[in-house]
Amino acid sequence: MLQHKLAGVGAAMITPFTLDGRVDYEALARMVDYVIDGGVDYIVALGTTAETPTLYMPERAVIAMFITNHIAGRVPLVMGCGGNSTSEVLDQLREFDLRGADAILSVTPYYNKPSQEGLYQHFKTVSEHSPLPIILYNIPGRTGVNMTAETTLRIARDMPNVIGIKEASGNIEQMQQILDNRPDNFLVLSGDDGMTIELMRRGGDGVISVAADAFPKRFMQCVNRAKIGDFDGADQEYATLDEAVVALFEEGNPVGAKCALAVQGIVCDRVRLPLVSGSEQLREKFRKLIATYDLC
C-alpha cells in the first residue's frame, strides 16, 4: 500500500543554484544521492524548501523530470503541485510529467485567505483532476490560513484519493484531533522536524523533513527508533540534533539547510531573492555543531 511507503521520513528537496542563479542540476543529483544514501524513505520535490515560488514554470517541469529520472525508482517520489489559484494548480497537473511520481503534495492556497469552505472546494476540485493520490499541506505560518481539523477530516472522508496531510500548524492538539478521527490508512505527517517524535508517539506516521536534507543519516537514526516504538531512544538521539535543527530555521528555510550543506561541501548556498544566503555567523555555527555532534 502506498501509505506504508510514504510513512517515515520524506526529504523536502532543496533546489541548488549556481553562483549566477541558474538551477544547478549536478548539485541536485548529488542531493538526491545524498539523502537516499542517508536512508530517507522517500523524496518530496518542488515543495516550500525547493523555493518553488521563485521557479519559473518551465524550470519546475524540468526539475520534476530530472529528479524523477535521477531517483530511477530507488525511493518513492512525491511532487509538489500547489498554489493560490485553483486553476493554476490544475495547469500544473496537466503540464508536469507526473508518470514517475507516486503522489502529489498540495499546499493550502496562500495569501488570499480562503474560508474553510473555500479550502474544501479547492481541494475537491484538485482531487477531481489529479491523476495521483494527494497529500494535503497545512502551513498557516506561511499561507496565512489554518485548515482546521474539521476541514481536513471532511476532505479525508469525502475524497478517497486524498491519502494524508503534512501538518505544520504547530498545534499538537489539532494534530491529535485528526489522529483520533481520521479514516483508516490516512497519513498524518509532521511538517515540523522538532515535533516529529511527539507526533509519532501519539500515533502519527512520520515527517516531511528539512533536517533530512542537511543531516539525513543522523535524522534517520532518530526516526527509525520511533518507528519501532523506542521513543525514549528517539528522544535521546534527537537531543544531539536539536540545536542544529533550530539553526536550520534561524535565518529562514531553505537558507539554513543550504548553509549547512555548503559547510559540508555538497551544494552552493545560493538562494533566490527575496531570500539571501546565510550569514557568516550561521556558517560558523554549523561548522561547530557538525564537528561537535558528528552530524555528517
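The model is predicted. A search of the whole structure gives 2 aromatic pairs. Strand E3 (residues 77-80) has both faces covered, and E3 pairs with strand E2 (residues 42-45) and with strand E4 (residues 103-107).

**Aromatic pair Tyr25 and Phe66**

- A pair of aromatic rings is described by two values, the distance of the centres and the angle of the planes.
- The ring centres of Tyr25 and Phe66 are 5.1 Å apart and the planes stand at 55°, so this pair is tilted. An angle under 30 degrees would count as stacked and one over 60 as edge-to-face.
- Tyr25 belongs to helix H2 (residues 25-37) and Phe66 to helix H3 (residues 57-71); the pair links distant parts of the chain, 41 residues apart.
- Tyr25 has 25% relative accessibility, so Tyr25 counts as partly exposed.
- Phe66, at 24% relative accessibility, also counts as partly exposed.

**Aromatic pair Phe215 and Phe286**

- Phe215 and Phe286 form a tilted pair, with 6.4 Å from centre to centre and 50° between the planes.
- Phe215 sits in the loop between helix H10 (211-214) and helix H11 (216-227), while Phe286 sits in helix H15 (residues 280-293), so the pair ties together parts that are 71 residues apart in sequence.
- Phe215 counts as buried because its relative accessibility is 1%, and buried means under 20%.
- Phe286 is buried too, with a relative accessible area of 0%.

**A charge over a ring**

- Arg154 lies over the face of Tyr120, and the distance to the ring centre is 3.5 Å.

**Strand E3 and its neighbours**

- E2 and E3 run parallel and are joined by 3 bridges. Ile43 has Leu77 in E3 as its bridge partner.
- E3 and E4 also pair in the parallel sense, over 3 bridges. Here the bridge partner of Gly80 is Leu105 in E4.

**Crossovers between the strands**

- E2, H3 and E3 make a right-handed β-α-β unit. Helix H3 is also the helix that holds Phe66.
- From E3 the chain crosses through helix H4 (residues 86-95) to E4, and this β-α-β crossover is right-handed.

Note on methods: Residues are numbered from 1 along each chain as its sequence is written. This is a predicted model: local features need pLDDT of at least 70, side-chain atom pairs count only at pLDDT 80 or more; totals for chains, interfaces and linings use all residues. Side-chain values use heavy atoms; hydrogens and water are left out. Rings of Phe, Tyr and Trp (its six-membered ring) pair if their centres lie within 6.5 Å; planes under 30 degrees apart count as stacked, over 60 as edge-to-face and the rest as tilted. Helices (H or I, at least four residues) and strands (E, at least two) are DSSP runs, numbered from the N terminus. Buried means under 20% relative accessible area, exposed over 50%, partly exposed in between (1.4 Å probe, protein chains only). A charge sits over a ring if NZ of Lys or CZ of Arg is within 6 Å of the ring centre and within 35 degrees of the ring normal. Two strands pair if DSSP finds at least two bridges between them. A crossover is right-handed if, with the strands pointing away from the viewer, the path from the first strand over the helix to the second runs clockwise.
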